[in-house]
Amino acid sequence: MTRPLTFAIPKGRILDEALPLLAKAGIEPEAEFHDKKSRALRFATNRPDVSIIRVRAFDVATFVAHGAAQIGIVGSDVVEEFNYSELYAPVDLDIGHCRLSVAEPVDAADEDQAAMSHVRVATKYPHLTRRYYEARGLQAECVKLNGAMELAPSLGLSRRIVDLVSSGATLKANGLVETDIIMQISARLIVNRAAYKMRSAELSPLVEAFRAAVGVKDAA
């Protein structure tokens with residue numbers, strides 16, 4: 001008997017928007033999934049051929065790329081940061097909108113970047129950050145943080161940060177200003193390429209169900 005498909009979904013900001021899409025695609029998690037006291041990470045669904053794991057957003061891409069999960073939902077920022085060749089991102093889900101931006105203290109925003117050759121940046125996106133600065137002829141020293149990025153400039157850890165921005169309220173509250181947008185972000189349906197070939201009879205209908213749920217919007 002074929003093992004059930006494992007569907008990886010992210011904790012955090014995308015989850016609430018993803019659940020209605022899952023339902024439209026015919027997948028509904030068991031009741032325990034919605035129990036905030038539950039410590040479980042794997043859940044059954046209304047479909048015996050699909051189970052769900054709930055993990056951190058950055059881990060969704062890793063689980064799917066390595067075949068531990070066959071399909072998942074994650075932000076395009078994560079897809080671009082890891083750039084796994086094993087991932088196929090066939091559908092832009094049109095949820096989880098935000099942007100990846102450069103921010104710095106208000107009093108530093110007018111510094112002449114043309115006079116610099118090196119910048120120190122706090123971020124959890126070192127690859128995207130280095131690529132962004134390399135395109136501008138600058139070498140970026142990335143200080144890897146997983147949270148509280150906005151503290152880095154005020155505590156002298158770095159002058160700039162690269163982080164997700166939605167309303168910009170958190171930046172403003174910490175004396176920072178957005179100075180450039182690296183990329184616009186939305187959530188993507190991702191599939192393991194090998195699994196998509198080997199289990200196409202199961203995965204192709206799921207992909208098509210998500211296409212239908214969002215009005216057939218393909219990922220770039």
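**Group meeting talk: a sheet and the helices around it**

Let me start inside the sheet. Strand E1 (residues 5-10) and strand E4 (residues 71-75) pair in the parallel sense, over two bridges. To count as paired, two strands need at least two bridges between them in DSSP. Strands here are DSSP runs of E with at least two residues, helices are runs of H or I with at least four, and both are numbered from the N terminus. Across this pair, Phe-7 stands opposite Ile-71 in E4.

A word on the source. This is a predicted model, where local features need pLDDT of at least 70 and side-chain atom pairs count only at pLDDT 80 or more, while totals for chains, interfaces and linings use all residues. Residues are numbered from 1 along each chain as its sequence is written, and side-chain values use heavy atoms, with hydrogens and water left out.

Now the whole sheet. Six strands make an open sheet, in the order E2-E3-E1-E4-E11-E5, with mixed pairing. At the edges sit strand E2 (42-44) and strand E5 (87-92), each pairing on one side only. Neighbouring strands are turned by 30° against each other on average, direction ignored. Axes are lines fitted to C-alpha atoms, for helices over the stretch in contact, and angles between N-to-C directions run from 0 to 180 degrees. Helix H1 (residues 15-24) packs on this sheet and touches E1, strand E3 (50-55) and E4. The direction of H1 makes about 145° with that of E1. Contact means heavy atoms within 4.5 Å.

Back to E4. How many of its residues are buried? Five of five. Buried is under 20% relative accessible area, exposed is over 50%, and partly exposed lies in between, with a 1.4 Å probe and protein chains only. Both faces of E4 are covered: Ile-71, Ile-73 and Gly-75 on one side, Gly-72 and Val-74 on the other. In a regular strand, side chains alternate between the two faces of the sheet. E4 also pairs with E11, antiparallel, over five bridges. There, Val-74 stands opposite Arg-188 in E11.

Next, helix H2 (residues 57-65). Its buried residues are Phe-58, Val-60, Ala-61, Val-64 and Ala-65. Seen down the H2 axis, they fall within an arc of 160°, so they line one face of the helix. That arc is taken over the directions from the helix axis to the C-beta atoms. The buried residues of H2 pack against E1, E3, E4, helix H3 (76-82), E5 and strand E11 (187-192). Asp-59 and Val-74 are 15 residues apart in sequence, and 9.2 Å apart in space, C-alpha to C-alpha. Just after H2, Gly-67 takes a positive phi of about 85°.

Last, helix H8 (residues 200-213). H8 has 14 residues and reaches 19 Å from first C-alpha to last, close to the 20 Å expected at 1.5 Å a residue. Expected span is 1.5 Å times one less than the number of residues. Which residues of H8 are buried? Leu-203, Leu-206, Val-207, Phe-210, Arg-211 and Ala-213. They fall within an arc of 165° down the H8 axis, so they line one face. On the other side of H8, Ala-201 and Ala-212 are exposed. The cover over the buried residues of H8 includes E1, H1, E4, E5, E11 and helix H7 (193-198). Just after H8, Gly-215 has a positive phi of about 80°.
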